[in-house]
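Me: I would like a close look at a single part of this model. Please keep the answer plain and in one piece.
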Amino acid sequence: MARTAARLGVPAHPAPRRFVHRHPQQERPIARKPAAKAESAPAPAPVPAPSLAEIVAATLDDHKAEDVVVLDLKGRTSITDTMVIATGKSQRQVGAMADHVEKALKQAGQRVTIEGMPQCDWVLVDGGDIIVHLFRPEVRAFYNLEKMWGALEAKADAPTASAVRAKAIEQG
């Protein structure tokens, strides 16, 4: 249009503004007046986020871990707050459980380091506030971490993976 105007010797005028159609999702929301307050049911209580122990216990339960023990170590050591000990039937299962626990802890926002993956006899998953020991049965019996941490007396009182999961389901 500018070339035609210059050729004819007519001053060029800016092109008129055109209406641009926007997709309904791109438009700004229309401000509405607040509705009259009616009596409504009270807002539901917020559901607490599952603890790291609940997340790990549920993950291990999903992947067929055996003899899962959750130990609360708050006040007993400065290295961690919670320790989870579990057994897998084979090296392959122990490695797979470690991978799944790592993914679950990373999704929960934890920095995770893993030791012992090449052999998968004893895999340690360090999630900062929680440490997870995954053993093959004979290796677990040899090291006997429950005895070292005084869990034999508390083993009957320690929550199992299914108990921790049931508690999480009840809470929301």
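In which helix is G95 found, and what surrounds that helix?

Reply: This is a predicted model, in which local features need pLDDT of at least 70, side-chain atom pairs count only at pLDDT 80 or more, and totals for chains, interfaces and linings use all residues. Residues are numbered from 1 along each chain as its sequence is written, and side-chain values use heavy atoms, with hydrogens and water left out.

G95 is found in helix α3, residues 91-107. Helices here are DSSP runs of H or I with at least four residues, strands are runs of E with at least two, and both are numbered from the N terminus. From its first C-alpha to its last, the 17 residues of α3 reach 25 Å, close to the 24 Å expected at 1.5 Å a residue; the expected span is 1.5 Å times one less than the number of residues. After α3 comes G109, with a positive phi near 90 degrees.

G95 has a relative accessible area of 7% and is therefore buried (under 20%; exposed is over 50%, partly exposed in between, with a 1.4 Å probe and protein chains only). The buried residues of α3 also include V94, M97, A98 and V101. An α-helix has 3.6 residues a turn, so residues three or four places apart point the same way. The buried residues of α3 pack against α2 (52-62), β2 (82-87), β3 (113-115), β4 (122-126) and β5.

Leaving aside neighbours within four places in sequence, G95 is in contact with M117 and C120, contact meaning heavy atoms within 4.5 Å. The C-alpha atoms of G95 and M117 are separated by 6.3 Å, although the two are 22 residues apart along the chain.
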